[in-house]
Amino acid sequence: MADETGLDDHLARLAADGRRFAVPMAAEQIRVRGDRRRRRKRAVRMSGGVLVAAAVAVGGLSLVLSGRGPAPTAAKPTPSLSAPRFVPPTPAPGEEYAVEIGYVYDARVLADGIQVTVQQLRTERGTAVPTGVVHKLTLSPQTPVEVEQVAGGKPGDMRLAELVDRLSGGPRWVFAVDYDGEGRIQSLREAVWLTVE
């Protein structure tokens, strides 16, 4: 019995020492970030399934309607010489996502999604500087968005459909737009770490 009491005391001292030096906040933050990514990936998978079903339906419909006369010829687009052309970023080798930083604004609900305008920015020593590239994106209303200032200073996850009113005006909010290897947008993250000129 005396040996068990000494062992219990020794283990209790070790546990107390471990609690003094443990940093639970970092582990909690890691768990929160992992949960956030897991929710984002789950939402992307679910919206991807809906998009695949819609694509199959549209493809089938186009096959049925293709025999009803010649389709009109498409006009050839002419590139604008006044503004730089937008090229979607691609992930670096070994990376899952590529990021475009920019103002996201002028949000409008369309029949097939939500259209937003992106004014691309580049970072110089932590400050966001306009590049001159402006383009439009049509996104799923279920696109996951990590927010903080847009939500009144409270960090959290929202869907793009919940932010249409706040993003409907001019350039105000800066986001990191995450593109996968196939050029699809996976999520938006509010770029609260940047200073905007």
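Predicted model: local features only at pLDDT ≥ 70, side-chain atom pairs only at ≥ 80, totals over all residues.
Student: Does Ser187 count as buried or exposed?

Tutor: Buried means under 20% relative accessible area, exposed over 50%, and partly exposed in between, with a 1.4 Å probe and protein chains only. Because its relative accessibility is 0%, Ser187 counts as buried.

Student: Which side chain does a polar contact join to that of Ser187?

Tutor: A polar contact is a pair of N or O atoms within 3.5 Å; within protein, one must be able to donate a hydrogen and the other to accept it, and residues adjacent in sequence count only if both atoms are side-chain atoms. For Ser187 such a pair is found at 2.7 Å, and the partner side chain is that of Asp178.

Student: What is the length of the polar contact between the side chains of Thr117 and Lys136?

Tutor: Thr117 is placed in strand E2 and, because its relative accessibility is 5%, counts as buried. Beyond four places in sequence, Thr117 touches residues including Tyr103, Val134 and Lys136. The side chains of Thr117 and Lys136 are joined by a polar contact of 2.9 Å.

Student: Why is E2 largely enclosed by the rest of the structure?

Tutor: The reason lies in the burial of its residues. E2 is largely enclosed because, of its 12 residues, the number buried is 9.

Student: How many bridges join E2 to E3?

Tutor: Strands pair if DSSP finds at least two bridges between them. E2 pairs with E1 in the antiparallel sense over 8 bridges, with Val118 as the bridge partner of Val104. On the E3 side, Val118 stands opposite His135. E2 and E3 also run antiparallel, and their bridges number 10.

Student: Which residue takes a positive phi in the hairpin of E2 and E3?

Tutor: E1 and E2 form a hairpin with 2 residues between them. The hairpin of E2 and E3 has 2 residues between the strands, and the positive phi, near 55°, belongs to Arg125.

Student: Which residues touch the most other members of the largest nonpolar core?

Tutor: A nonpolar core is a set of buried Ala, Val, Leu, Ile, Met, Phe, Trp, Tyr and Cys residues joined through side-chain atoms within 4.5 Å. The largest has 23 residues, and those touching the most other members are Val116, Leu167 and Phe175.

Student: Which element has the highest confidence in the chain?

Tutor: The chain averages a pLDDT of 79, and 80% of the residues score at least 70. Among the elements, strand E8 (residues 195-196) is lowest at a mean of 67, whereas the highest, at 92, is E4.

Technical notes:
Residues numbered from 1 in each chain as written. Heavy atoms only, no water. Helix = DSSP H or I, 4+ residues; strand = E, 2+ residues; numbered from the N terminus. Contact = heavy atoms within 4.5 Å. pLDDT = per-residue confidence, 0-100.
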